[in-house]
Amino acid sequence: MKERLPPWKRLMIKPADSMDPLQWDYDPIDAVGRSFDRGEQPMPHDPFASKNDFTSRFSALVAKDVRTKPSYTDCWLTSPSNEIKVISRYNTQFASVVVELADDGQTEYSVTPVEYSFPDMANAIISDVIRTIRSRYRVQGGRLDRDSVMGAARSALTDRYDDIKAACEDSSDLERLVDDMCSASYRHSVGAGIFEVLLSDPHIEDVYLDAPCDKNRIHVTMNGVDGVNAHMRCRTNLMVDHREMDNMVNILKRESGLRFCESNPVLETDFREFDARATVIGYPMSPNGYALAIRKHSVRPWTLTRLVANNTIDARSAGLLSFLVNNRSTFLICGPRGAGKSSLLSALMLELPLSQRILTIEDT
């Protein structure tokens, strides 16, 4: 009577040079490894690759989905593209930025906030400071504005100056490092988190995120990169958790005092700290979660002549629009997000005589 094989043996792969179907005195993993091309070298980040290159191939498979973040943040940095063409590099107040053309043809805004480049020991100190700030507020109360929170963070960091020095031995400017750690403590405790990093970039005009937030990257629109008046839409290397979006919604609700719930799922308000306008759409209008759009107010107002100089419209169309405004015609302005509806409307309003009143009615 033949022995019945257990299921795990019946599923194993028989070596090609074996004629006996019951012969199992070989390594089945090695048989799988023989099916791969051994011409490729193991991935450089995998020094412990086994005699077959299964591990290296699996590493290559998941390499494009690697994400990193400090423990106290709620935003992930995705892995960079393999082949890029750098368009511009610059630094902002809180981050370093590379605008690049990725290998799939998309323009990418790759940002690295300063706290993401800190050593682990420094980030552990920031995490302790954030816990201290939150615990102190729960017990003692107090103000949560930027100056108060950064003052509390600086006080906590001063007590650990030796730890900071040991954690960042290669830093030549410890005072600048403490300032960056204070800013990070504020951003990731009661501040706007990664959105503050983006909105502090003078080149960014719009920030928008589609639902679900943890499945889609943040996108931005930019202008004036390298001094060129070029309008670009870029994906970023940022993906946020639900907690980051919850924090943003709470900030907007607190500053505006507006209702935002299932019966009133649209929140549109000024984001005064960053001189911007923010719109959040929630459930059930957005069934997959929050969708967010932030538009920074223009520092320099658009006029018809500026639109002509920017090649946005031609001179003939601008003259026709000005003529229609002077004759008090009715306009319907429509288009997708980022098409320039608000910019055109503001330019038309500047064509009105100063003696006339302008009434605005906002209804979302």
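Reply: With a relative accessible area of 3%, S88 counts as buried in this predicted model. S88 belongs to strand β3, which runs over residues 85-91. Apart from residues up to four places away in sequence, S88 touches V97, V98 and V99, and also V225 and D226.

The nonpolar residues can be taken next. In soluble globular proteins, nonpolar side chains tend to be buried together. Here the largest nonpolar core holds 42 residues. Y109, F195, V207, I218, M222, F271 and I294 are the residues with the most contacts inside that core.

F271 has a relative accessible area of 0% and is buried. Leaving aside neighbours within four places in sequence, its contacts are A192, L199, M248, I251, L252, E255, A276 and R277.

Helix α9 spans residues 242-256, 15 residues in total. From its first C-alpha to its last it reaches 21 Å, close to the 21 Å expected at 1.5 Å a residue. The buried residues of α9 are E244, M245, M248, V249, I251 and L252. Viewed down the axis of α9, these buried residues fall within an arc of 155 degrees, so they line one face of the helix. An α-helix has 3.6 residues a turn, so residues three or four places apart point the same way. R243 and R254 are exposed on the face of α9 turned away from the buried side. The cover over the buried residues of α9 includes helix α8 (194-199) and the strands β6 (204-209), β9 (238-240), β10 (266-271), β11 (276-281) and β12 (291-296). After α9 comes G257, with a positive phi near 70 degrees.

Two aromatic pairs are found in a search of the whole structure. One of them joins F260 and Y290 in a tilted arrangement, 5.9 Å centre to centre with 35 degrees between the planes. F260 is in the loop between α9 and β10, and Y290 is in the loop between β11 and β12, so this pair ties together parts that are 30 residues apart in sequence. F260 counts as buried at 12% relative accessibility, whereas Y290, at 26%, counts as partly exposed. The pair of F271 and F274 is edge-to-face, at 5.0 Å centre to centre and 70 degrees between the planes. F274 counts as buried, with 14% relative accessibility.

Charged side chains also lie over aromatic rings. K69 is over the face of W76, 5.0 Å from the ring centre. R187 is over the face of F94, at 4.5 Å from the ring centre.

Helix α4 (residues 120-140) has 21 residues and reaches 30 Å between its first and last C-alpha, close to the 30 Å expected at 1.5 Å a residue. Its buried residues are A122, N123, I125, I126, S127, V129, I130 and I133. These pack against α5 (146-158), α6 (161-167) and α7 (174-187). G141 follows α4 and has a positive phi near 70 degrees.

Helix α5 has 13 residues and reaches 18 Å from first C-alpha to last, close to the 18 Å expected at 1.5 Å a residue. In α5, the buried residues are V149, A152, A153, A156 and L157. They cover an arc of only 135 degrees around the axis, which puts them on the same side of α5. D147 and T158 are exposed on the other side of α5. The cover over the buried residues of α5 includes α4, α6 and α7.

The backbone geometry remains. Most residues other than glycine have a negative phi, and most peptide bonds are trans. A cis peptide bond, with omega about -5 degrees, joins A211 and P212. P212 lies in the loop between β6 and β7 (219-222). Y283 and P284 are also joined by a cis peptide bond, with omega about 5 degrees, and P284 lies in the loop between β11 and β12.

D275, which is not a glycine, has a positive phi near 50 degrees. D275 is in the loop between β10 and β11 and counts as partly exposed at 44% relative accessibility. R328, also not a glycine, has a positive phi of about 55 degrees. R328 lies in the loop between α11 (315-326) and α12 (341-349) and counts as exposed at 65% relative accessibility.

Key. Residues are numbered from 1 along each chain as its sequence is written. This is a predicted model: local features need pLDDT of at least 70, side-chain atom pairs count only at pLDDT 80 or more; totals for chains, interfaces and linings use all residues. Side-chain values use heavy atoms; hydrogens and water are left out. A nonpolar core is a set of buried Ala, Val, Leu, Ile, Met, Phe, Trp, Tyr and Cys residues joined through side-chain atoms within 4.5 Å. Buried means under 20% relative accessible area, exposed over 50%, partly exposed in between (1.4 Å probe, protein chains only). Contact means heavy atoms within 4.5 Å. Helices (H or I, at least four residues) and strands (E, at least two) are DSSP runs, numbered from the N terminus. The expected span of a helix is 1.5 Å times one less than its number of residues. The arc is that of the directions from the helix axis to the C-beta atoms. Rings of Phe, Tyr and Trp (its six-membered ring) pair if their centres lie within 6.5 Å; planes under 30 degrees apart count as stacked, over 60 as edge-to-face and the rest as tilted. A charge sits over a ring if NZ of Lys or CZ of Arg is within 6 Å of the ring centre and within 35 degrees of the ring normal.
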